[in-house]
Amino acid sequence: MKRKIQFDLEEITPRREAVLDHQGIPEDAEVPQRILAIFEEAATIFADLARPRGLFADINEVEFGEVFPGEGSNAADAVVGNVFPKANNLALFAATMGEEVSRAIADLFDRNDFALGVMLDAVASMTADRTSEVIADHYHADLVAEGRAAPADHVLGYSPGYCGWHITGQRKLFDYLTPADIGISLNDSCLMSPLKSVSGVLVSGGIDVHMFKAGYSYCPQCKNASCVARMERLMASEQGNA
Amino acid sequence: MDLLKEISEALQKGDDAKVGELTKKAIDEGMVPKEILDDGLIAGMDVIGKKFRDHEIFLPDVLLSARAMYAGMDLLKPLFLQGEVPSLGKVVLGTVQGDLHDIGKNLVGIMLKGAGFEIVDLGKDVPPEVFVDTAEKEDAGIIGMSTLLTTTAPAMVRVIEILKERGLDGKIKTIVGGAPVSQNLAEEIGADAYGYDAANAVESVKGIAGV
């Protein structure tokens, strides 16, 4: 099954506080009016130019076992390699904000309007990240409706370029998913165009499937640690449901 | 008030129109362009850099000041010999091969330019050879490499290897930065410096440039 997703911009656009926090401005800070005005302008440009769209397609474990190794450059202990065999369902996904937003960001930098350019970049990046969560929600809803997953299961996305899954893994992922259908292409370095795009695998399963200790060979170099925050959110949601 | 101080203060407020107007006035009054640059524009950015480092202002404040600085520099540039603004040194910057994320690299470039360095921005997805070839061709003393993805460290390593192969290590210094990069990684791969954010990168570049 391959399904295209149209997003509701209001549903995926980040809150002002989150965008400012992304730029190192804490929620409790007294933010100058001129910075708030820059955010408002960026949000308006984004709403005008963003064309968010996404898709996902089921893939079975055997097929993903062929996609995941990519061109043989993954870390030996890549997280996804340990996670996907335990999943009850898998799907590949991709989403994009469209070309116009990326072009607008570049134009702002060319005009030395750095503050607005960075703000728009932050809005676009955070929205792109959010689309993967929304696609995961759609996939989970489909699985539950079809009786293939329990409502209490969790669907999380994992992407090439992170956690030991080498970026060259994109090529096989694209061969299978064909995100050209929604306007995403790959360059020779396996990077996506438009820039504000995301891709990866959706892994469905119980909380245990997604829990791991961030002690892999590449973890000490990572300052991102979004995996840890994500696992903490999962645990919190489980406790909330208990 | 002293005109150069006025330029510096307008720049600190991020008032690009005022900086342009005052810079033009300084030029018309016959002030030496290098003085306007050093004691007006760079002096103002220096204050901004320190305030940002000390968490007194936010990133957008810095970027508004950077735009104001560029407004002044655009007026000064034609007045320097062959249009080349005197600099503290030349830095070749780029996002490494295998990565298209360039916002961090752009911020570092803006801050370095504000501090008085000349920037050769190679953009994103830059092959290792291009970093070194450009640094040699441009006679740059520093290569700055940025990445966001966690799987692109080998591209940084390759740049450092090429410098060694060509006997340029020590002559051309390297600085690395980006979300998955740490001081430990920088040391492990043999980079000369590490910048954890744009303001810190300026301090680190000044350190390895010896200025």
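**A walk through the predicted model**

A:Pro194 is found in the loop of chain A that runs between β6 (192-193) and β7 (197-205), where helices (H or I, at least four residues) and strands (E, at least two) are DSSP runs numbered from the N terminus. The peptide bond that leads from A:Ser193 to A:Pro194 is cis, with omega near 0 degrees. This is a predicted model, in which local features need pLDDT of at least 70, side-chain atom pairs count only at pLDDT 80 or more, and totals for chains, interfaces and linings use all residues. Residues are numbered from 1 along each chain as its sequence is written, chains are lettered from A and ligands numbered from 1 in the order in which they are written, and side-chain values use heavy atoms, with hydrogens and water left out.

Chain A as a whole contains 10 helices and seven strands, and its C-alpha trace spans about 50 × 45 × 40 Å along the principal axes. Of its 242 residues, 51% are buried, where buried means under 20% relative accessible area, exposed over 50%, and partly exposed in between (1.4 Å probe, protein chains only).

Most residues other than glycine have a negative phi, and most peptide bonds are trans. A:Cys190, in the loop between β5 (185-186) and β6 of chain A, has a positive phi near 65 degrees and is buried, with a relative accessible area of 1%. A:Asn112 likewise has a positive phi near 65 degrees; A:Asn112 sits in the loop between α6 (99-110) and α7 (114-145) of chain A and is buried at 18% relative accessible area.

A:Asp113 is buried, with a relative accessible area of 14%, whereas B:Arg67 counts as partly exposed at 23%.

Within chain B, the side chains of B:Arg166 and B:Glu136 meet in a salt bridge of 2.8 Å, N to O. B:Arg166 lies in the loop between α7 (153-165) and β4 (173-177) of chain B and B:Glu136 in helix α6 (residues 128-138) of chain B, so this pair ties together parts that are 30 residues apart in sequence.

Notes: Salt bridge = Lys/Arg side-chain N within 4 Å of Asp/Glu carboxyl O.
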